[in-house]
Every structure is written in structure tokens, then in C-alpha cells.
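Reader: I have the model open and want a quick walk through it. Can you take me along the chain?

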Amino acid sequence: METNRTLGSSGIDVSALGFGCWAIGGEWSSPDGQPLGWGKVDDEESVRAIHRALDLGVTFFDTADTYGTGHSERVLGRALGKRRADVVVATKWGNVFDERTRTSLGQDDSVEHVREALTASLARLGTDHVDLYQLHLSDADPGRAAQLRDVCEELVGEGLIRAYAWSTDDPARAAVFAEGTHCAAVQHALNVFQDAPEMLALCEESDLASINRSPLAMGLLAGKRQGPLEAGDIRSTPPEWLPGFTAGTGADSDWLSRVDAIREILTSGGRTLAQGALGWIWARSPRTVPIPGFRSVAQAEQNAGALAKGPLTAAQLAEIDRVLGR
Ligand SMILES: NC(=O)c1ccc[n+]([C@@H]2O[C@H](COP(=O)([O-])OP(=O)(O)OC[C@H]3O[C@@H](n4cnc5c(N)ncnc54)[C@H](OP(=O)(O)O)[C@@H]3O)[C@@H](O)[C@H]2O)c1
């Protein structure tokens, strides 16, 4: 497999695997106490994991201002240090939060907020530009998004960002952003259990990279088993949009049965389960860039190791469809 990708027509080259930096933001919550992070993290381990990823050829990191209410950006910026110039950093705006109380405060889709949020992200990341700036409001009004897209074009002109994208699962919304000259990608959910053929078709037609969130189905496709999860972990009291987990019992047995049914195919060629799940994504389209989350050196090594294993075959994808009855 070609282990690099160019983000749309931006000329920005990234490794075919990125690292998702949500979990390394640590604990934060909504005002009513719903956990929004993945539980406790050890920042020093996060930094070591990022360094290991860099050594193993990973050059793309996805974060958001809101992850850990700014903490993820701070940890990523610290870990990159002098190596900032060697990597492509993607972050997001649209959510507002209180860093002091580590609480989310809602959303802001205003034109004014874009620059405020970018200024704060640049400071936390310790950089003078963001490579890929992403609208984090997946269901934002398309008319408003067109205005935000125009602001992004201005920011490109000013050298503050190099390209931009919308993080949304709706192809019609992604198409609104795609009309902008420097829109280089869409970030959307894609994994063995959640295909996105219309979005992949749009990426092809509009020359966009497909950046894939939740590539491991939030851990289910990496071997997460049944059992209660840590209280600060969003999966311990899953919001409505988070499938596969139930409060108190952890991973759902019907999801685990489906993982078991395709385990042999995913672990072919000496792959681990997580590596097979990433191989499925690469086999879906050469435009894909999965961004698995991580919070340890061991996870970083295993996920980066998927690059050498490459995509599953078309026959294996067909077999997975058959086994899952689709
Ligand atoms: N709206 C948005 O824009 C949006 C939404 C969601 C995610 N994202 C982005 O996408 C990234 C990834 O998606 P995701 O956070 O939904 O989850 P994911 O990548 O599907 O799953 C990540 C989790 O799987 C487990 N894991 C990872 N590698 C593993 C390995 N090798 N072996 C065993 N377990 C492993 C870890 O959980 P444990 O540590 O608990 O084992 C990890 O936190 C995020 O970090 C974020 O950058 C964006």
C-alpha cells in the first residue's frame, strides 16, 4: 500500500494513518455531569505514545479545541515541540468550554467565534498555523456553514490555516464545504460496522480526503470486552449517539458476537484485531485516512504497525459482508 496520502488538492501530504487525540485530553464533562472524555490519562504516557508514533512514520494528528477542554491540544503541542514542522496538525472549532472547570458550555456557530477559537488553539498548540481546520458541529445549518467556509478561505489567505474540512456524517453538508477552493477533506465515521458509501463517493467526485473517526468503533474493534468502564469514560454512561455500550455493563454482547464472527478475517496475515479493522478501512477507498484513538505506547505501536500490513483484500471485504448478513 502507498503509505502516504495527499489531502485533496491541497498538496498537504500525510501518513495513511493519523492519530486521534480525543482520549489524551483526559476527563471533562457536560454541566450535568455526563462524562465527555475517556477517563483518566497519564500525560507523560501520552507524550511517549506520540513520540513513538512519530518514530514509526505517523505524520498526522487530529485533535479539537474541546477535547479535555484544551488539554489535548496542549499535550499534543508539547509532545511535538521542535518536530512540529514534520507533521500535519488538524484541530476543530465550534464547541465552547471552560478550561478551569473542565466543562463543556455548548456550541457557537458564529462567524466571530472562528477567529477567537483559532487564536486560542494556536496558543495551546504552540504553533503559528493549523494545517487542517475543521468545523466540529456535525449538524450545523448549511447556510451558516457556507459563511464559515468563506471565513476559512480568508484564514488560508492570511496563512493561519492551510486547508479546512467539516466533521460531519452528512454528505449534503460536506458538499457545501467542498465548494470552497481550500476544502481538502471531510471527517466522518467509518468502520467495519458503519460503512459510508455516499460519503466516499462524494470524496471521489470532489477530490476530498476521507478522514475516518471511530475506526475501531470506540474500542469494540480493538478487543474491548464486557464489564463496567471507569466512571469518567464516556462509554460508561453512553449518550444516545454512542452505539455498542450500555451503562453499567460496558460493551454490548450482540456487538461482541459480531466482532467474534469476523475476528478470523480481520486477524488474517498476522494482523491484530485493530490492525484488521484499519485494513478494512483502507480497502474501502484509497482516499481514507483512519485516525484511531490511543492512550498508551502499546496502542500507538500496534496501530502504527497496521501501515506495514496494509488493506484487506476485496474478497475479504465481501466475506465480511456475507458473515454480517449485508
Ligand atoms: N465529531 C468528531 O469530529 C469526532 C468524533 C469522534 C472521534 N473523533 C476523532 O476520531 C478519533 C478516534 O475515534 P474514537 O475516539 O471514536 O475511537 P476509536 O479510534 O474507534 O477507538 C479508540 C479507542 O480504542 C482503544 N484502542 C485503540 N487502539 C487500541 C489497540 N491497539 N488495542 C486495544 N485498544 C485500542 C482505546 O480505548 P481504551 O484506551 O479504552 O482501550 C482507544 O481510546 C478521536 O480520537 C478523535 O480524534 C472525532
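Reader: Which residue of β2 is the bridge partner of N4?
Author: S15 is the bridge partner of N4. Keep in mind that this is a predicted model.

Reader: How do β1 and β2 pair, parallel or antiparallel?
Author: Antiparallel, over four bridges. β1 covers residues 4–7 and β2 covers residues 12–15.

Reader: What sits between β1 and β2?
Author: Four residues, and the two strands form a hairpin. In the turn, G8 has a positive phi of about 55°.

Reader: Which residues are on the covered face of β1?
Author: R5 and L7. N4 and T6 are on the uncovered face.

Reader: Switching to the sheet. What is the strand order?
Author: β3-β4-β5-β8-β9-β10-β11-β14. These eight strands form an open sheet with parallel pairing.

Reader: Which strands stand at the edges?
Author: β3 (19–20) and β14 (288–290). Each has a single partner strand, so one side of each is left without a neighbour in the sheet.

Reader: How many bridges join β8 and β9?
Author: Five, between residues 130–135 and residues 161–167. Y133 has Y164 as its partner in β9, and L135 has W166.

Reader: How does the chain get from β8 to β9?
Author: Through helix α4, residues 142–157. That β-α-β crossover is right-handed.

Reader: How many residues of β9 are buried?
Author: Seven of its seven.

Reader: And what joins β9 to β10?
Author: Four bridges, with the two strands running parallel. A165 has A185 as its bridge partner in β10. The chain crosses from β9 to β10 through helix α5, residues 171–178, and this β-α-β crossover is right-handed.

Reader: What does A185 touch?
Author: Leaving out residues up to four places away in sequence, A185 touches L7, G8, L132, A165, L208, A209 and I211.
Author: 93. Those with the most contacts inside the core are L132, A165, A184, A185 and L221. Helix α8, residues 273–284, gives the most to this core, with six residues.

Reader: Now the ligand. How many residues surround the ligand?
Author: 28. The closest are G20, W22, R213, A222 and G293.

Reader: How do the residues of that shell divide into nonpolar, polar and charged?
Author: 13 are nonpolar, twelve polar and three charged.

Reader: Which helix gives the most to the shell?
Author: α9, residues 297–304, with three residues.

Reader: Backbone check. Where is T69, and what is its phi?
Author: T69 is in the loop between β4 (60–62) and α2 (71–80). Its phi is positive, about 45°, although T69 is not a glycine. Most residues other than glycine have a negative phi.

Reader: Is T69 buried or exposed?
Author: Buried, because 26 other C-beta atoms lie within 10 Å and the cut-off is 20 or more.

Reader: What about D207?
Author: D207 also is not a glycine and has a positive phi, about 55°. The loop between α6 (197–206) and β11 (209–213) holds D207. With 16 C-beta neighbours inside 10 Å, D207 counts as partly exposed.

Reader: Last one. How many residues of α11 are buried?
Author: One of its ten, so α11 is hardly covered. Just after α11, G325 takes a positive phi of about 70°.

Definitions and conventions: Residues are numbered from 1 along each chain as its sequence is written. This is a predicted model: local features need pLDDT of at least 70, side-chain atom pairs count only at pLDDT 80 or more; totals for chains, interfaces and linings use all residues. A residue is buried if 20 or more other C-beta atoms lie within 10 Å of its own, exposed if 12 or fewer, and partly exposed in between; C-beta atoms are placed from the backbone. Two strands pair if DSSP finds at least two bridges between them. A nonpolar core is a set of buried Ala, Val, Leu, Ile, Met, Phe, Trp, Tyr and Cys residues joined through C-beta atoms within 7 Å. Two residues are in contact if their C-beta atoms, placed from the backbone, lie within 7 Å. A residue is near a molecule or strand if its C-beta atom, placed from the backbone, lies within 6 Å of it. Ala, Val, Leu, Ile, Met, Phe, Trp, Tyr, Cys and Pro count as nonpolar, Asp, Glu, Lys and Arg as charged, and the others, Gly among them, as polar. A crossover is right-handed if, with the strands pointing away from the viewer, the path from the first strand over the helix to the second runs clockwise.
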